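This briefing concerns the surface of one protein model. Please look at the sequence and the structure below before reading the points.

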Amino acid sequence: MARRVITIDEKIEKQTAEVTKVKKKYDEELDKLNTLIEKKKEMERKELLEAFSKSSRTYSEIMDFLNTK
């Protein structure tokens, strides 16, 4: 029984399909990661605002503190 020879064009086509599939999965996972990062930032902002509202410090004092190196 003779084996079928796979041409370079067929290999390229197969690999292109594989790369497309993997890229789609990568893009989906990257979107999930970015969503999680944004949620974390929002939680941190909320926490910071709550701490500011409970603080006895003035806006100027807090800004001075944040702007010092």
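The points below cover the basis of the model, its salt bridges and a nonpolar surface patch.

The model is predicted, so local features need pLDDT of at least 70 and side-chain atom pairs count only at pLDDT 80 or more, while totals for chains, interfaces and linings use all residues. Residues are numbered from 1 along each chain as its sequence is written, and side-chain values use heavy atoms, with hydrogens and water left out.

**Salt bridges**

- The structure holds 6 salt bridges, each defined as a side-chain nitrogen of Lys or Arg within 4 Å of a carboxyl oxygen of Asp or Glu.
- Side chains of opposite charge can pair when their charged atoms come close.
- One of the bridges joins E29 to K32, with 3.4 Å between the closest N and O atoms.
- A network of salt bridges links K25, E29 and K32.
- E38 and K41 meet through their side chains in another salt bridge, at 4.0 Å from N to O.
- R45 pairs with E42 in a salt bridge whose closest N and O atoms are 3.0 Å apart.

**Spacing along the helix**

- Helix α1 spans residues 8-54; helices are DSSP runs of H or I with at least four residues, numbered from the N terminus.
- E29 and K32 are 3 residues apart in helix α1, which means a separation of about one helical turn.
- E38 and K41 are likewise 3 residues apart in helix α1, or about one helical turn.
- R45 and E42 also both lie in helix α1, 3 residues apart, about one turn of the helix.

**Exposure of the paired residues**

- E29 is partly exposed at a relative accessible area of 34% (buried means under 20%, exposed over 50%, partly exposed in between, with a 1.4 Å probe and protein chains only).
- K32 is partly exposed at 48% relative accessibility.
- E38 is partly exposed at 42%, and K41 is partly exposed at 39%.
- R45 is partly exposed at 42%, and E42 is partly exposed at 47%.

**Nonpolar patch**

- Y26, L30, L33 and I37 form a nonpolar patch on the surface, and together they have about 360 Å² of accessible area (Shrake-Rupley method, 1.4 Å probe, with only the protein chains shown counting as cover for residues).
- Patches are made of residues with over 30% relative accessible area and no salt bridge; nonpolar side chains (Val, Leu, Ile, Met, Phe, Trp, Tyr) are joined within 5 Å, and like charges within 9 Å.
- I37 lies in helix α1 and is partly exposed, with a relative accessible area of 37%.

Technical notes. Helices (H or I, at least four residues) and strands (E, at least two) are DSSP runs, numbered from the N terminus.
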